[in-house]
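Please keep the sequence and the structure in view while reading.

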Amino acid sequence: MHQEITTDVVIVGGGGAGLAAAIEAATLGCKVILLEKAAKLGGTTAWAVGSITANQTPHQRRKGIVDTPDAHAEDMSIFAGDLATRDNLALQRLYVDNVSETFDWLMAMGLVFLGPMPEPPHRVPRMHNIVPNSGAFPYILGRRCKKIGVDIRLSTGADSVIMENGRAVGVIAKDATGAIWSFRATRGVVLSTGDFSGGAALKRSYISDDAALTPAVAEASFGDGHQMVLDVGGRILNGDLVWGPLMRFVPPPNKGLIQRLPPNKWIGIAAKMAYELLPQFLLRPFLMGFVTTVLGPEPSLYQHGAILVNKLGQRFANELENPSAALVHQPSQIAYVVMSSETAVKFQKWPYFISTAPGVAYAYLSDYRRSRRDIHFEDASLVGLARKIGVNPKELEKSLPVGTGPYVALGPIRPYVLITDGGLKVTNQLQVTGADDLPIPGLYAAGSSGQGGVLLYGHGHHLGWAFVSGRIAGKNVSKSE
């Protein structure tokens with residue numbers, strides 16, 4: 001069964017970039033169809049911590065912080081370090097010049113942020129965190145899309161661009177029933193399908209076999225948009241840059257209180273007031289319940305005697321020499337951090353922390369004992385600890401022959417690819433380029449799909465880029481003829 005429908009603009013992907021593009025195009029008078037292959041909106045935006053790093057914000061001004069796009073751009077290049085020569089400075093400029101207005105645009109729709117929070121080497125605090133949780137982005141922007149008439153098609157995934165006479169005129173997609181659709185667009189198409197962290201073939205081609213074997217945090221980010229453009233002659237820039245394999249604690253079996261809060265404006269305002277007014281000793285358990293769901297162990301643990309063992313109880317790597325890569329090849333890709341009491345007693349207070357989220361909090365062993373009981377194990381003997389985590393007691397005793405009890409284990413830990421930074425080559429108007437590096441009429445990309453070589457290191461830049469680039473792509477596609 002093949003059906004066809006014609007509209008002005010087709011957006012592929014319902015995360016932050018796609019929702020921003022859809023809102024802008026519809027606000028400018030276009031009829032918009034937004035396709036999302038998942039059963040709900042959000043994409044990687046919905047599971048992100050929810051930070052946007054921006055300059056010249058109301059939050060900065062209220063705290064007397066003077067900031068400029070120029071200073072922001074300079075600090076972004078410091079984050080890039082030795083890779084700065086590979087940065088797309090034109091797109092970096094596009095970001096720093098537009099993120100302030102985009103931040104105001106998000107707040108005008110009802111999104112609520114805390115901050116700004118410091119993150120060196122930013123010279124001033126720029127990181128703004130969403131409250132009550134990142135689910136607020138698809139909730140509020142999705143509601144806005146529906147209000148202004150965007151036709152949202154969930155469980156509908158596109159797999160190819162329709163090209164006619166060198167122009168993108170739509171996409172071919174399949175819905176949940178298996179029906180094939182031709183979504184034709186008189187103005188153009190915006191691809192906002194995320195990165196390719198979950199795409200084994202693309203990771204193997206651009207990064208490494210180890211990356212291909214490593215699961216993604218965003219499992220559904222297969223690089224659909226990347227492949228669609230490669231199929232019509234486009235190319236990927238910085239395809240080898242990846243955040244992973246990196247070790248992370250497995251997610252908790254149930255959502256914490258913060259993740260369960262309804263993501264509407266009024267809950268956000270209440271959460272912000274609580275954060276700003278309540279004493280930290282009351283807030284800490286709730287903050288830790290969030291922080292300890294998304295991070296991995298600090299390398300300093302291993303410098304003070306902790307070790308990593310696999311599911312057999314065997315120490316499998318030098319913990320100070322890229323153990324994440326070694327974990328990829330261990331049974332079931334599972335590991336545990338194991339420590340004696342001599343190490344455990346240290347990691348209860350500064351400067352010895354288990355994990356950290358810049359600008360939010362440091363998490364100590366006591367925080368994991370309280371907030372992540374599913375991954376915190378303790379016993380007076382190594383044999384008892386081995387039984388609790390399901391590893392071979394004899395092998396564990398061989399792996400940690402020194403130290404006294406009580407012994408502590410944290411895990412399971414798995415290797416993940418967090419983000420791939422390879423994006424489609426685009427113009428400064430976010431128009432995708434083809435084999436001749438000339439713009440493909442009618443085809444745009446935003447978010448990680450349209451990253452175009454810009455380096456977004458540091459917290460809050462990927463999410464900020466999603467909204468900035470999505471808005472620009474949405475505006476430009478609406479003017480395409």
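Which residues in H1 meet residues in H19? Gly16, Ala17, Ala20, Ala21, Glu24 and Ala25 of H1 meet Ala466, Phe467, Gly470, Arg471, Gly474, Lys475 and Ser478 of H19, where contact means heavy atoms within 4.5 Å. By class, the residues of this contact divide into 6 nonpolar, 4 polar and 3 charged. In this classification, Ala, Val, Leu, Ile, Met, Phe, Trp, Tyr, Cys and Pro count as nonpolar, Asp, Glu, Lys and Arg as charged, and the others, Gly among them, as polar.

The model is predicted: local features need pLDDT of at least 70, side-chain atom pairs count only at pLDDT 80 or more, and totals for chains, interfaces and linings use all residues. Residues are numbered from 1 along each chain as its sequence is written, and side-chain values use heavy atoms, with hydrogens and water left out.

**Helix packing around H1**

Helices (H or I, at least four residues) and strands (E, at least two) are DSSP runs, numbered from the N terminus. Helix H19 covers residues 461–478, and its axis lies 7 Å from that of H1, at an angle of about 35°. Axes are lines fitted to C-alpha atoms, for helices over the stretch in contact, and angles run from 0 to 180 degrees between N-to-C directions. The crossing of H1 and H19 is right-handed. A crossing is left-handed if the near helix is turned anticlockwise from the far one by less than a right angle, and right-handed if clockwise.

H1 (residues 16–27) also packs with helix H6 (residues 136–147); their axes come within 10 Å and cross at roughly 25°. H1 is therefore roughly parallel to H6, a term for angles under 35 degrees. This crossing is left-handed. On the H1 side the contact is made by Leu19, Ala20, Ala22 and Ile23, and on the H6 side by Phe137, Pro138, Leu141, Gly142, Arg144 and Cys145. The contact of H1 with H6 has 8 nonpolar, 1 polar and 1 charged residues.

Gly13 is found in the loop between strand S1 (2–12) and H1. With a relative accessibility of 8%, Gly13 counts as buried; buried means under 20% relative accessible area, exposed over 50%, and partly exposed in between (1.4 Å probe, protein chains only). Leaving aside neighbours within four places in sequence, Gly13 is in contact with Gly18, Leu34, Leu35, Glu36 and Ser192. Gly13 and Pro262 are 249 residues apart along the chain, and their C-alpha atoms are separated by 23 Å.

**Backbone features in loops**

Most residues other than glycine have a negative phi, and most peptide bonds are trans.

| Residue or bond | Backbone value | Location |
|---|---|---|
| Trp350 to Pro351 | cis, omega near 5° | Pro351: loop between H15 (341–344) and S15 (355–357) |
| Gly405 to Pro406 | cis, omega about 5° | Pro406: loop between H18 (393–399) and S18 (407–416) |

Is Asn165 buried or exposed? Asn165 is exposed, with a relative accessible area of 87%, whereas Gln333, at 14% relative accessibility, counts as buried.

**Two residues with polar side-chain contacts**

A polar contact is a pair of N or O atoms within 3.5 Å; within protein, one must be able to donate a hydrogen and the other to accept it, and residues adjacent in sequence count only if both atoms are side-chain atoms. Asn129 belongs to strand S5 (residues 127–131) and is buried, with a relative accessible area of 8%. The side chains of Asn129 and Ser51 make a polar contact of 2.6 Å.

Glu342 is part of helix H15 and is partly exposed, its relative accessible area being 38%. Not counting residues up to four places away in sequence, Glu342 touches Gly403 and Thr404. The side chain of Glu342 makes a polar contact of 2.8 Å with that of Thr404, and another of 3.4 Å with the side chain of Ser341. Glu342 and Leu312 are 30 residues apart in sequence and 24 Å apart in space, C-alpha to C-alpha.

Definitions and conventions
Angles under 35 degrees count as roughly parallel, over 145 as roughly antiparallel, 65 to 115 as roughly perpendicular and the rest as oblique.
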